[in-house]
Amino acid sequence: MRKGTFCLLGGCFLSLLLLMPLSLLAQPPAAQYAEEHVMPIPYEGGMSMRNLTVLDSVVPNFSFFFLGEEHWKTINTELQLAFLVYLHQHAGVRNMIIERGYSVSFLINQYLETGDERILNKAMPNLKVCPEDQINMFKRFYEFNKGILPEDQIRVTGIDLEHSPELAL
């Protein structure tokens, strides 16, 4: 199984520019690019693997995936988990990059290893928006991850500013 990385970023345009080769900045106008490259994914009140089969022909060509989000929407966690599971199964993704500080990702990984919800609850209260959605998503993520061989389990890495310095101590 190939290693891959799944990256959750919302509002990190600057980060994308820093990671993007300069040659990609010379893309055609947005409307033309979207017409040639955007693939709608049906949403019928719940995400499932069946909705993502439209990606089957595209995913094998890549090993790094970005999923954007609309801030402050509860649907984000449902989409994130559906994509993560799909990409793990179809592209070997074992790394999830989140828009959080390293200390939060450290605690999430501790939770994923132990299932101790006290650790997860310690990592999530500093979220100002939808913390219960995030907690529920990581609980479902834990259930998925524990059914995978240890060497294939998904790990989380935070690459944002350390917004919770008390967690880093």
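A salt bridge is counted here where a side-chain nitrogen of Lys or Arg lies within 4 Å of a carboxyl oxygen of Asp or Glu. The structure is a predicted model, in which local features need pLDDT of at least 70 and side-chain atom pairs count only at pLDDT 80 or more, while totals for chains, interfaces and linings use all residues. Residues are numbered from 1 along each chain as its sequence is written, and side-chain values use heavy atoms, with hydrogens and water left out.

A search of the whole structure finds five salt bridges. One of them joins the side chains of Glu 143 and Lys 146, at 3.3 Å from N to O; these two residues lie three apart in helix H6, about one turn of the helix, where helices (H or I, at least four residues) and strands (E, at least two) are DSSP runs numbered from the N terminus. Glu 143 has a relative accessible area of 45% and Lys 146 one of 49%, so both are partly exposed, a class that falls between buried (under 20% relative accessible area) and exposed (over 50%), computed with a 1.4 Å probe on protein chains only.

Another salt bridge links Asp 152 with Arg 94, with the closest N and O atoms 2.9 Å apart. This pair connects distant parts of the chain, since Asp 152 sits in the loop between H6 and E4 whereas Arg 94 belongs to strand E3, 58 residues apart. Asp 152 counts as buried because its relative accessibility is 17%, and Arg 94 counts as buried at 12%.

Strand E3 also takes part in strand pairing, which requires that DSSP find at least two bridges between two strands: four bridges join E3 to E4, and the two run parallel. Asn 95 stands opposite Arg 155 in E4, and Arg 155 lies with Thr 157 on the uncovered face of that strand, whereas Val 156 and Gly 158 form the covered face.

The largest nonpolar core has 33 residues, such a core being a set of buried Ala, Val, Leu, Ile, Met, Phe, Trp, Tyr and Cys residues joined through side-chain atoms within 4.5 Å. At least two residues each come from strands E2 and E3 and from helices H3, H4, H5 and H6, and the largest share, eight residues, is that of H3. Met 124 is among the residues with the most contacts inside this core; leaving aside neighbours within four places in sequence, Met 124 is in contact (heavy atoms within 4.5 Å) with Val 104, Ile 108, Pro 131, Gln 134, Ile 135 and Phe 138.
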